[in-house]
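Below is a short briefing on one protein chain. Look at the sequence and the structure, then read the notes by topic.

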Amino acid sequence: MKILVSLPVLIPLVTALLVLALGRWPRVRFGVALASQVVLIGVVGLLAYHAAWRGEILTLSMGGWNPRVGIVWVADGLSSIMTVLGAIVGLAVLVYSPNGLKAPREVPYFLVLHQVMVASVEGCFLTGDLFNLFVFFEVMLTTSYVQIAMGSRSRQLRKTFPYVVINFIGGLLFLAGVGIVYGTSGTVNLASLSRLIAQEELPPQFWGGIGLVLTVFALKTGLVPLYFWLPESYPESPIPNSAMLAGLLTKVGVYTLYRVVPLVLTEADEEFFRLLAGISAATMVLGVLGALGRDRIRQILAFHIISQVGYMTFGLALFSPAGVAAGLFYVVHHIVVKSGLFLAGGMVERVGGSDRLKQVRGMATTHPWAAAGFFVPAMALAGMPPLSGFWGKLFLAIAGFRQGYWITTATAIVVSLLTLASMLKIWRASYWGKPEGQRRPELGYDPGMLSGVLGLAALSLLIGLCVVPLMLCCGQVAEQLLSVTPYIDAVLGPTSGEGLEELPS
């Protein structure tokens, strides 16, 4: 059973090598990648059944090394849910890609990069220490640099440069933070760090390293004021790549906050959580205002990534079982919805040659299925009942009001109304009215593109309809996250902590 924990990384990596070796047979390459993605969904589904549904925590120590100094893979409720979402988005993007990419400039190496991206994202979710998290982060970001620049248009390269510079600086700060943590504690294993913190045996410099690491996570998440690199870069990449980046990359940042914060902080750190709630509110507001001021579909959606991240970190800021469960439910909803919206918006761009508002009109009349693929996730993003976003926002609002976070909760409600306004702005400009500007209408009926768009829209609908069992599962995962001890004992064993002082520091 333990081998399952490593498969979500190994399967796409092996597939990337196979796809690279099959360079002369494009259909075979696509078939191999598709089969691999289906197998991956089966594996992570089994992992989630054990970890998220049954509450087990699966670990795998590479080479039998002591977890404090070796490589450990951990699949608990949180990480297993995230691996499922990573695999589903990967499959939707893959089936969308044959006609979603603009041949021939965007096609070469797409499949290889896609598989490496899936492997690195799954690795971020499953690693049990900070250094390997840094490694997977860098692999993921390096892959994203190439994915954003695919096509080599001058505008793409111009917009990619700041993204590369900011994330390169973020990588250096991350490495420095990990170095400080190791130098002051003798380990980068998350479970070991949590146990050492509980023993209060760490010097003040350690907290400087942790602060640096959390700051980098905030940068990767796109929180205010560290969000400026995101909305200009994501919309420039090829459409399938931008859906992958929008759905998963910032959520890897959110995941790291949900993973690390409960292990290193407690309820007593009230000032941190109040600060995080304030930052979350500011992130919601600035993101949605940026979206309202844009006139390109993918730029509007990119600003909404920032806005919606605020909801997710607000759940963590509440730091209660109800608040964290609501935040997790919102993460699940948003990964599905945001990826679907980028793919649906991309269909407008493929049909009309541009994603600028009013360049293409009347998609709801000529392409009703493509329009449905946009409308369902758009209304879910705005929080319309009974869709998934409505339940996520409702649970957050209930938890926020109960815990006295009146301003942030009220801000979340107002931002929902502004989100609805921006989604209707896209709908009126591109989907409503008399058909105009449709240069290649046949692409709006492409089975692969429609499968990706409608598949994610249907999943969003299903999340809204299955809210009770999903919320119960999120509640169980939240309890597991906040109790901390089960995670530590699963990684180190109940008695491993007694021998920590015998290891070199």
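The side chains of Glu 442 and Arg 440 meet in a salt bridge, with 3.2 Å from N to O; a salt bridge here is a side-chain nitrogen of Lys or Arg within 4 Å of a carboxyl oxygen of Asp or Glu. This is a predicted model, in which local features need pLDDT of at least 70 and side-chain atom pairs count only at pLDDT 80 or more, while totals for chains, interfaces and linings use all residues. Residues are numbered from 1 along each chain as its sequence is written, and side-chain values use heavy atoms, with hydrogens and water left out.

**Salt bridges**

- Glu 442 is partly exposed at 44% relative accessibility, and Arg 440 is partly exposed at 40%; buried means under 20% relative accessible area, exposed over 50%, and partly exposed in between (1.4 Å probe, protein chains only).
- The count by this rule is 10 salt bridges.
- Side chains of opposite charge can pair when their charged atoms come close.
- Arg 296 and Asp 355 form a salt bridge at 2.9 Å, N to O.
- This pair links distant parts of the chain, 59 residues apart: Arg 296 is in the loop between helix 11 and helix 12, and Asp 355 is in the loop between helix 13 and helix 14. Helices (H or I, at least four residues) and strands (E, at least two) are DSSP runs, numbered from the N terminus.
- Both Arg 296 and Asp 355 are buried.
- Another salt bridge joins Arg 298 and Glu 349, whose closest N and O atoms are 3.1 Å apart.
- That pair also links distant parts of the chain, with Arg 298 in helix 12 and Glu 349 in helix 13, 51 residues apart.
- Arg 298 counts as buried because its relative accessible area is 4%, and Glu 349 counts as buried because its value is 6%.
- Lys 102, Arg 298 and Glu 349 are linked in a network of salt bridges.

**Strands 1 and 2**

- Strand 1 and strand 2 run antiparallel and are joined by 4 bridges; two strands pair if DSSP finds at least two bridges between them.
- Leu 60 has Trp 73 in strand 2 as its bridge partner.
- From strand 2, Val 72 and Val 74 point one way, Trp 73 and Ala 75 point the other way, and all are buried.

**A buried serine**

- Ser 430 is in helix 17 (residues 406-431), and Ser 430 is buried because its relative accessibility is 0%.
- Leaving out residues up to four places away in sequence, Ser 430 touches residues including Ile 297, Val 348 and Met 363; contact means heavy atoms within 4.5 Å.
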